[in-house]
Amino acid sequence: MPITGQGWELLVKRAREDTRNGKRRTVGSYQVFHNGKPVAGLAGAIAETKGPGDNSTPGNNRCVEASTYPLNTQDGAKYVTLGFKDTTSITIIPRPGIELGKTGKRSEILIHPGKGFLSSVGCINPCKGLANANSDIDFLDSRKRTIAIIDDMKAFLGAGFPTRNRKAIPNATIVIEAK
């Protein structure tokens, strides 16, 4: 499922599944694109919960189905797109996050910072490379990457970026490719 080459796009390519101490995660890569052109510095690894993708059952602890999704500003108790706390503390909320729209019966599927093996029940955690199942997500790095994605989207979309949370982000999508 290729990107369209139009607008702001985040491409996620799933590559493998890791297992550690009975836990499973899906690992892949991400790259941000502006009108089909890759953006330098906005690429890395991605971690999601186990596959296969499933959008038919709420709370199923699986990754979302491979597809293209519109993006929304998030307005939750733990994660928001606008107004997250400017702190590197893992305990202070709300933290930065972006919501995937049109995920079937699933809700609150987010791009947000992760930590350890995985911080996700269906969500997507950007991070630096995860060489193998023993590699952990570094929270500070993941937070920095999530904020960089949000900031880049804001800059690219300019006045088109919403000024409030819980709004559709026009001309911004995530494309998830299956392994």
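Is R166 buried or exposed in this model? R166 counts as exposed, because its relative accessibility is 60%, where buried means under 20% relative accessible area, exposed over 50% and partly exposed in between (1.4 Å probe, protein chains only). The model is predicted, so local features need pLDDT of at least 70 and side-chain atom pairs count only at pLDDT 80 or more, while totals for chains, interfaces and linings use all residues. Residues are numbered from 1 along each chain as its sequence is written, and side-chain values use heavy atoms, with hydrogens and water left out.

**Backbone features**

- Most residues other than glycine have a negative phi, and most peptide bonds are trans.
- R166, although not a glycine, has a positive phi of about 70°, and R166 lies in the loop between α1 (139-157) and β10 (168-177); helices (H or I, at least four residues) and strands (E, at least two) are DSSP runs, numbered from the N terminus.
- N21 is likewise not a glycine and has a positive phi of about 50°, and N21 counts as exposed at 76% relative accessibility.
- The peptide bond from G51 to P52 is cis, with omega near 0°, and P52 is placed in the loop between β3 (37-49) and β4 (68-73).
- I93 and P94 are also joined by a cis peptide bond, with omega about 5°.

**A buried charge**

- E99, which lies in strand β7 (residues 98-100), is buried yet has no salt bridge, a term for a side-chain nitrogen of Lys or Arg within 4 Å of a carboxyl oxygen of Asp or Glu.
- The nearest side chain of opposite charge to E99 is that of R166, 6.7 Å away, where Lys and Arg count as positive and Asp and Glu as negative, with His and the chain ends not counted.
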